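This report describes the fold of one protein chain and the contacts that join its parts. Please examine the sequence and the structure below before reading on.

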Amino acid sequence: MPFVSIRIAGTATHDQKAGIVADVTRSLVTRLGKPAGAVQIVIEEISTENYGAGGLLLADRDAPKREDAHAVPSQ
């Protein structure tokens, strides 16, 4: 029985996750000859405040720059 664990930094919509499950299942059925009912998939969404890369939390890396946060929008 294939078991697939997928981790995503941030979130995905229900439709996106359903598509991932369908695509991965189809791939394992095609590539390994496994029955679709035997394929187990878990999607784990990890908060960007709990995931770091390159020495920064993703939440900090993707946040607007401090000077940008207080900028007045141009008209």
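Setting aside residues up to four places away in sequence, T25 touches A36, V39 and I41. The model in which these contacts are found is a predicted one. T25 belongs to helix α1, which covers residues 14-32. Is T25 buried or exposed? Its relative accessible area is 14%, and because the limit for a buried residue is under 20%, T25 counts as buried. The side chain of T25 also reaches the backbone oxygen of V21, at 2.7 Å.

When neighbours within four places in sequence are left aside, I41 is in contact with V4, I6, V21, V24 and T25. I41 is also a member of the largest nonpolar core. Which residues make up this core? There are 6 of them: I6, I8, A12, L28, V39 and I41.

**Helix α1 and its end**

Helix α1 contains 19 residues. From its first C-alpha to its last it reaches 26 Å, which is close to the 27 Å expected at 1.5 Å a residue. Just after α1 comes G33, which takes a positive phi of about 70 degrees.

V29 is another residue of helix α1. With a relative accessibility of 32%, V29 counts as partly exposed. Apart from neighbours within four places in sequence, V29 is in contact with K34, P35 and A36. V29 and P2 are 27 residues apart along the chain, and their C-alpha atoms are separated by 9.8 Å.

**Salt bridges**

How many salt bridges are counted? The count comes to 3. The table gives each pair with the distance between nitrogen and oxygen.

| Pair | N to O distance |
|---|---|
| E44 and R7 | 3.4 Å |
| K17 and E45 | 3.3 Å |
| R26 and D23 | 2.6 Å |

The side chains of E44 and R7 meet in one of these salt bridges. E44 lies in strand β2 (residues 40-46) and R7 in strand β1 (residues 3-9), so this pair ties together parts that are 37 residues apart in sequence. E44 is partly exposed, its relative accessible area being 36%. R7, by contrast, is exposed, with a relative accessible area of 62%.

A further salt bridge is formed by the side chains of K17 and E45. Why does this pair tie together parts that are 28 residues apart in sequence? The reason is that K17 lies in helix α1 and E45 in strand β2. K17 counts as partly exposed at 24% relative accessibility, and E45 is also partly exposed, at 34%.

D23 is partly exposed, with a relative accessible area of 46%.

Where is N50 found? N50 is in the loop between β2 and β3, the latter covering residues 52-53. With a relative accessible area of 63%, N50 is exposed, because the limit for exposed is over 50%. N50 and A9 are 41 residues apart in sequence, while their C-alpha atoms are 8.7 Å apart in space.

**The chain as a whole**

These details can now be placed in the overall arrangement. The secondary structure of the protein chain comes to 3 helices and 4 strands. Along the sequence, these elements follow the pattern β-α-β-β-β-α-α. The chain has 75 residues, of which 16% count as buried. T25 is one of the buried residues.

Among contacts between residues at least 6 apart in sequence, 60% join residues at least 24 apart. The protein chain exposes about 6000 Å², and carbon and sulfur atoms supply 52% of this area.

Terms used:
Residues numbered from 1 in each chain as written. Predicted model: local features only at pLDDT ≥ 70, side-chain atom pairs only at ≥ 80, totals over all residues. Heavy atoms only, no water. Core = buried A, V, L, I, M, F, W, Y, C linked by side-chain atoms within 4.5 Å. Buried < 20%, exposed > 50% of the residue type's maximum accessible area, 1.4 Å probe, protein only. Contact = heavy atoms within 4.5 Å. Helix = DSSP H or I, 4+ residues; strand = E, 2+ residues; numbered from the N terminus. Polar contact = N/O pair within 3.5 Å; in protein donor to acceptor, adjacent residues only side chain to side chain. Expected span 1.5 Å × (residues − 1). Salt bridge = Lys/Arg side-chain N within 4 Å of Asp/Glu carboxyl O. Areas by Shrake-Rupley, 256 points an atom, 1.4 Å probe, with all protein chains shown as cover.
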